[in-house]
Amino acid sequence: MYEVQYLDLVLTEKSVSLFEKNQYILNVDSGSNKTKIKNWIELFFNVKVIGVNSYRPPQKKEKRGNIKQIMKHRMHYKRMIITLKPGYSIPLFPSKKFI
């Protein structure tokens, strides 16, 4: 029903500190919008989402050759900060062990 190209949970120092506020940071495809991500999260994880904030990470610079050519390339993903209702959480690691 809802197509999400790829979805990665970001585990950095900042994102781990946001877990206390019931917020999760995800990398999603740049073509995804907030409502599509919100509906997908609610269906897949069976949680209630209060808010979704998004931003694009800054462009990366590459140096090529001896002439110091600097080329920029656009990031092909967005970062979404998902805020859940109190009492809900997203499991970070699967609880089942795979044999």
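**Entry 1: the sheet**

I started with the strand pair S2 and S6, which run antiparallel and are joined by seven bridges. One bridge I looked up there links Leu26 with its partner in S6, Met80. A reminder to myself before going on: this is a predicted model.

Next I asked for the strand order. Four strands make up an open sheet, in the order S1-S2-S6-S3, with antiparallel pairing. Strands S1 (7-9) and S3 (49-55) are at the edges with a single partner strand each, so one side of each has no neighbour in the sheet. From one strand to the next the twist averages 30°.

I then followed S1 to its partner. S1 pairs with strand S2 (residues 23-29) over three bridges, again in the antiparallel sense. Asp8 has Asn27 as its bridge partner in S2. Helix H2 (residues 34-45) packs on this sheet and touches S1, S2, S3 and strand S6 (77-84). The direction of H2 makes about 135° with that of S3.

How many residues of S2 are buried? I found seven of the seven, so S2 is largely enclosed by the rest of the structure.

**Entry 2: the core**

I looked up the largest nonpolar core, which has 13 residues. Which of them touch the most other members? They are Ile37, Ile41, Val49, Met80, Ile82 and Leu84. The elements S2, H2, S3 and S6 each give two or more residues to this core.

Met80 is a name I had already noted, as the bridge partner of Leu26. Val49 is in contact with Lys38, Ile41, Glu42, Ile82, Thr83 and Leu84. Among these, Ile41, Ile82 and Leu84 are also on the list of core residues with the most contacts to other members.

**Entry 3: Thr83**

Thr83 turned up among the contacts of Val49, and I went there next. Thr83 sits in strand S6. Is Thr83 buried or exposed? Its relative accessible area is 17%, and with the cut-off for buried at under 20%, Thr83 counts as buried.

The side chain of Thr83 has a polar contact, at 3.3 Å, with the side chain of Gln23. Not counting residues up to four places away in sequence, Thr83 touches Asn22, Gln23, Val49, Ile50 and Gly51.

**Entry 4: rings on H2**

I searched for aromatic pairs and found four in the structure. Trp40 and Phe44 are four residues apart in helix H2, which puts about one helical turn between them.

The accessibility of the two partners was worth a look. Trp40 is buried, at 18% relative accessibility, whereas Phe44 is exposed, at 55%. Phe44 also pairs with Phe45, this time edge-to-face, with 4.9 Å between centres and 90° between the planes. Phe45 is partly exposed, with a relative accessible area of 25%. Taken together, ring pairs join Trp40, Phe44 and Phe45 into a cluster.

**Entry 5: two positive phi values**

Most residues other than glycine have a negative phi. Asn22, though, has a positive phi, near 65°. Asn22 lies in the loop between helix H1 (13-18) and S2, and is buried, with a relative accessible area of 14%.

Where is Asn46 found? I located it in the loop between H2 and S3. Asn46 counts as exposed, at 63% relative accessibility, whereas Asn22 is buried.

**Entry 6: Arg56**

My last stop was Arg56, in the loop between S3 and strand S4 (60-64). Arg56 is partly exposed, at 37% relative accessibility. I looked up its spacing to Asn27, the bridge partner of Asp8. Arg56 and Asn27 are 29 residues apart in sequence, and their C-alpha atoms are 9.7 Å apart in space.

Key. Residues are numbered from 1 along each chain as its sequence is written. This is a predicted model: local features need pLDDT of at least 70, side-chain atom pairs count only at pLDDT 80 or more; totals for chains, interfaces and linings use all residues. Side-chain values use heavy atoms; hydrogens and water are left out. Two strands pair if DSSP finds at least two bridges between them. Axes are lines fitted to C-alpha atoms, for helices over the stretch in contact, and angles run from 0 to 180 degrees between N-to-C directions. Contact means heavy atoms within 4.5 Å. Buried means under 20% relative accessible area, exposed over 50%, partly exposed in between (1.4 Å probe, protein chains only). A polar contact is a pair of N or O atoms within 3.5 Å; within protein, one must be able to donate a hydrogen and the other to accept it, and residues adjacent in sequence count only if both atoms are side-chain atoms. Rings of Phe, Tyr and Trp (its six-membered ring) pair if their centres lie within 6.5 Å; planes under 30 degrees apart count as stacked, over 60 as edge-to-face and the rest as tilted. A nonpolar core is a set of buried Ala, Val, Leu, Ile, Met, Phe, Trp, Tyr and Cys residues joined through side-chain atoms within 4.5 Å.
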